[in-house]
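Here is a short report on charged side-chain pairs and a surface patch. Please keep the sequence and the 3D view open while reading.

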Amino acid sequence: MTARSPAAPGRPHRLDVLIAGGGLLGGVLLWAMNLHGGPSRLGLSPSLTLVALTVMSVAALIRRTAPMAALALAVPALALDIAAGTLVATVLMFTDVVYAAVLYGPANAARRIPPHSVLVTVLAAIALTAAWRDPQVVMVIISIALITIAPAWTGFIIRNHRDAAQAAQLRAEQIALLAEIDRTQAVVGERARMARELHDMVANHLSAIAIHSTAAQSIDDPTATREALGVIRENSVQGLAEMRRLIGLLRDPKTADGDEEPAATPTLDGLDALIDQARTSGGSSGLTFELEDARSPDGPGAGPKPTAPVALAAYRIVQESLTNALKHAAPGEVRVRLAHDRGGALTVAVRSPYADRPGPRAPGSGSGLVGMRERTALLGGAFEAGPESGPAGRVWLVRAALPAAEEEEQR
């Protein structure tokens with residue numbers, strides 16, 4: 001009695017065919033050798049045991065494909081076998097049919113058959129004890145329990161173990177799937193973060209190099225050429241330093257002392273240097289740059305101090321906006337404004353002159369706007385970018401509102 005997977009619907013399992021055929025052949029041999037229970041006490045013909053044997057063989061044949069139908073055939077076949085003289089082969093196949101009905105049958109049948117087998121055994125014991133006052137009745141009751149209670153509860157226990165194993169396997173598969181999804185999302189998120197950092201750190205320097213190298217080629221002026229080459233060298237050195245910093249973080253995120261992320265993270269205090277660098281890079285393009293810091297100074301009415309992620313996002317948004325202005329803006333003033341809104345969020349606004357141009361001063365990929373939008377979304381802020389009409393004409397406005405929820409919660 002081994003638990004196996006059910007066969008295809010309507011087709012008996014190979015083991016069931018062997019059980020049915022072997023049981024039928026063995027029962028016929030036992031009957032031919034007169035090895036059965038003897039004459040029927042009810043006066044029935046001993047040949048009826050062969051009928052019961054045949055019906056029980058059919059039940060054994062369909063014990064997996066139709067377990068409840070097999071049990072429905074097996075019960076009257078066993079009753080007929082006992083009444084006509086009893087063959088051991090028929091009784092043994094009945095126990096296997098009961099076992100299979102619990103193991104392969106519906107869940108409600110698997111719950112009901114074991115207690116019913118106990119009930120049938122108890123009722124049979126009471127009836128036999130009342131009708132047949134003989135010590136041998138104990139052996140008969142034990143025999144009834146062996147062919148009803150034992151196979152039913154064996155099938156019930158094995159079914160519970162099988163269901164528990166399947167449930168554990170399903171949970172393991174689900175955990176493995178969730179772990180793979182988390183790993184994939186972590187890899188994608190880290191790649192996106194690295195792409196933003198690489199773009200924001202290097203794009204500004206490379207744009208300045210491209211603009212001034214173009215100017216150096218087109219202007220036949222030794223002084224202007226030397227100035228352009230100076231700007232090119234300065235930006236190339238700074239770009240290399242930024243690249244080395246990023247590569248160092250990727251190789252080893254800890255310093256020799258064990259501190260996380262040794263390189264300094266850009267803050268809003270570095271915006272003045274960033275504006276000065278933009279003035280140097282954009283002077284030949286007719287661009288001027290101004291920084292307006294409208295944040296309240298430290299004091300009772302001051303806004304919350306931005307956290308490191310908020311300050312870094314604001315810095316990178318300003319940096320990328322200035323890079324885009326160097327590439328695309330018409331001659332005029334580029335104004336950067338920092339302020340706190342009524343809710344305490346840090347707002348960053350960059351306005352640059354907007355007009356139709358024959359082409360950008362340096363090539364771009366559009367990744368800058370995507371990176372700024374992603375940075376703002378990760379912090380739960382709001383971002384917008386596009387042309388806008390103003391008092392001084394059409395401008396390209398980049399605006400981000402970065403919340404400072406952590407500081408507000410600490411107050």
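## Salt bridges: the rule and the count

A salt bridge here is a side-chain nitrogen of Lys or Arg within 4 Å of a carboxyl oxygen of Asp or Glu. Side chains of opposite charge can pair when their charged atoms come close. The model is predicted. By this rule it holds 10 salt bridges.

Asp96 and Arg63 form a salt bridge through their side chains, with an N to O distance of 2.5 Å. Asp96 sits in helix 4 (residues 88-104). Arg63 sits in the loop between helix 2 (48-61) and helix 3 (67-84). The two are 33 residues apart in sequence, so the pair ties together separate parts of the chain.

Are these two residues buried or exposed? Asp96 has a relative accessible area of 8%, which makes it buried. Arg63 is buried too, at 2%. The cut-off for buried is under 20% relative accessible area.

## A pair within helix 8

Arg279 and Asp276 also meet in a salt bridge, at 2.6 Å from N to O. Both belong to helix 8 (residues 271-282). They are three residues apart, so about one helical turn separates them. Arg279 is partly exposed, at 35% relative accessible area. Asp276 is partly exposed as well, at 41%.

## A pair of sequence neighbors

Asp163 forms a salt bridge with Arg162. Their closest N and O atoms are 3.6 Å apart. Asp163 counts as partly exposed, with 32% relative accessibility. Arg162 counts as partly exposed, with 25%.

## A nonpolar surface patch

The surface also carries a nonpolar patch. Its residues are Val118, Leu119, Val122, Leu123, Ile126 and Trp153. Together they have about 520 Å² of accessible area.

Which helix gives the most to this patch? Helix 5 (residues 107-131) does, with five residues. Leu123 is one of the patch residues, and it is found in helix 5.

Definitions and conventions: Residues are numbered from 1 along each chain as its sequence is written. This is a predicted model: local features need pLDDT of at least 70, side-chain atom pairs count only at pLDDT 80 or more; totals for chains, interfaces and linings use all residues. Side-chain values use heavy atoms; hydrogens and water are left out. Helices (H or I, at least four residues) and strands (E, at least two) are DSSP runs, numbered from the N terminus. Buried means under 20% relative accessible area, exposed over 50%, partly exposed in between (1.4 Å probe, protein chains only). Patches are made of residues with over 30% relative accessible area and no salt bridge: like charges are joined within 9 Å, nonpolar side chains (Val, Leu, Ile, Met, Phe, Trp, Tyr) within 5 Å. Accessible areas come from the Shrake-Rupley method with a 1.4 Å probe; for residues, only the protein chains shown count as cover.
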